[in-house]
Amino acid sequence: MAFELPQMGYDYAALEPHIDARTMEIHYTKHPQAYVNNLNNAIAGGEWQNKSLEEILANVSKLPAAIRNNGGGHFNHTFFWKIMAPNAGGTPTGDMLDAINRYFGSFEKFKELFTSAAISRFGSGWAWLVQVGNELKITSTPNQDNPLMDLSEVRGTPILGVDVWEHAYYLKYQNRRNEYLAAFWNVVNWNIAGKKLK
Ligand code: MN3
């Protein structure tokens, strides 16, 4: 079974005005298909061909850079489309809110720390809320790395993630990553994030 490009689940314009339609269209149509194709090519005919993406990422330190970059890119974007939704955002509820309050003090403090991790990631990468055992942690990763990778500084289950490559925001926000991140809170799908908690 080769990996395939997932559906986004909503229209390119669905996250307006927070994330603009043109950015979503380019982001979805130009980048992720290349990750899928390159990942499939990199594992074709080898021992990793029929493994799950999670299993591949958990062993990525031993694998060629093409698998790390494209496997990460495929996982991260598949995750990203689903962790956003139209008419979303606001404050999480239930176990998600309880866990955030427990580890970060308040939802406001959590947003501050997550935003700071995303802004201070130099160059291209991602910021993450990660479950490590019973704990929640905030981290960021370079390029297309993610917390499922065995070489990740903070390793665990990604609960929330945001793409801070310039292609994710430059058309609308130019160099203002902080404004993109402020807008991101309006499209976070907390229902899906909460379901990732174990
Ligand atoms: Mn991207």
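Is tyrosine 169 buried or exposed? Select it to find out: with a relative accessibility of 3%, tyrosine 169 counts as buried. Keep in mind on this tour that the model is predicted.

Tyrosine 169 is in the loop between S3 and helix H7 (170–173), while tyrosine 180 belongs to helix H8 (residues 177–184), so the pair ties together parts 11 residues apart in sequence. Tyrosine 180 counts as buried too, at 0% relative accessibility.

Next stop: strand S1, residues 125–132. Of its 8 residues, 7 are buried. Show strand S2 (residues 135–142) beside it, and you will see an antiparallel pairing with S1 through 8 bridges. In the hairpin they form, 2 residues lie between the strands, and glycine 133 takes a positive phi near 60°. Then bring up strand S3 (residues 157–163), which is also antiparallel to S1, over 6 bridges. Centre the view on tryptophan 128: it stands opposite threonine 139 in S2 and opposite glycine 161 in S3.

Back to the rings. The whole structure holds 19 aromatic pairs. For one of them, pick phenylalanine 110 and tryptophan 190: their ring centres are 6.2 Å apart and their planes meet at 65°, so this pair is edge-to-face. Phenylalanine 110 sits in helix H6 (residues 107–120) and tryptophan 190 in helix H9 (residues 190–196), 80 residues apart. Phenylalanine 110 is buried at 0% relative accessible area, and tryptophan 190 counts as buried at 7%.

Finally, select lysine 51 and tryptophan 48. The lysine 51 charged end sits over the tryptophan 48 ring, 5.4 Å from the ring's centre.

Technical notes: Residues are numbered from 1 along each chain as its sequence is written. This is a predicted model: local features need pLDDT of at least 70, side-chain atom pairs count only at pLDDT 80 or more; totals for chains, interfaces and linings use all residues. Side-chain values use heavy atoms; hydrogens and water are left out. Buried means under 20% relative accessible area, exposed over 50%, partly exposed in between (1.4 Å probe, protein chains only). Helices (H or I, at least four residues) and strands (E, at least two) are DSSP runs, numbered from the N terminus. Two strands pair if DSSP finds at least two bridges between them. Rings of Phe, Tyr and Trp (its six-membered ring) pair if their centres lie within 6.5 Å; planes under 30 degrees apart count as stacked, over 60 as edge-to-face and the rest as tilted. A charge sits over a ring if NZ of Lys or CZ of Arg is within 6 Å of the ring centre and within 35 degrees of the ring normal.
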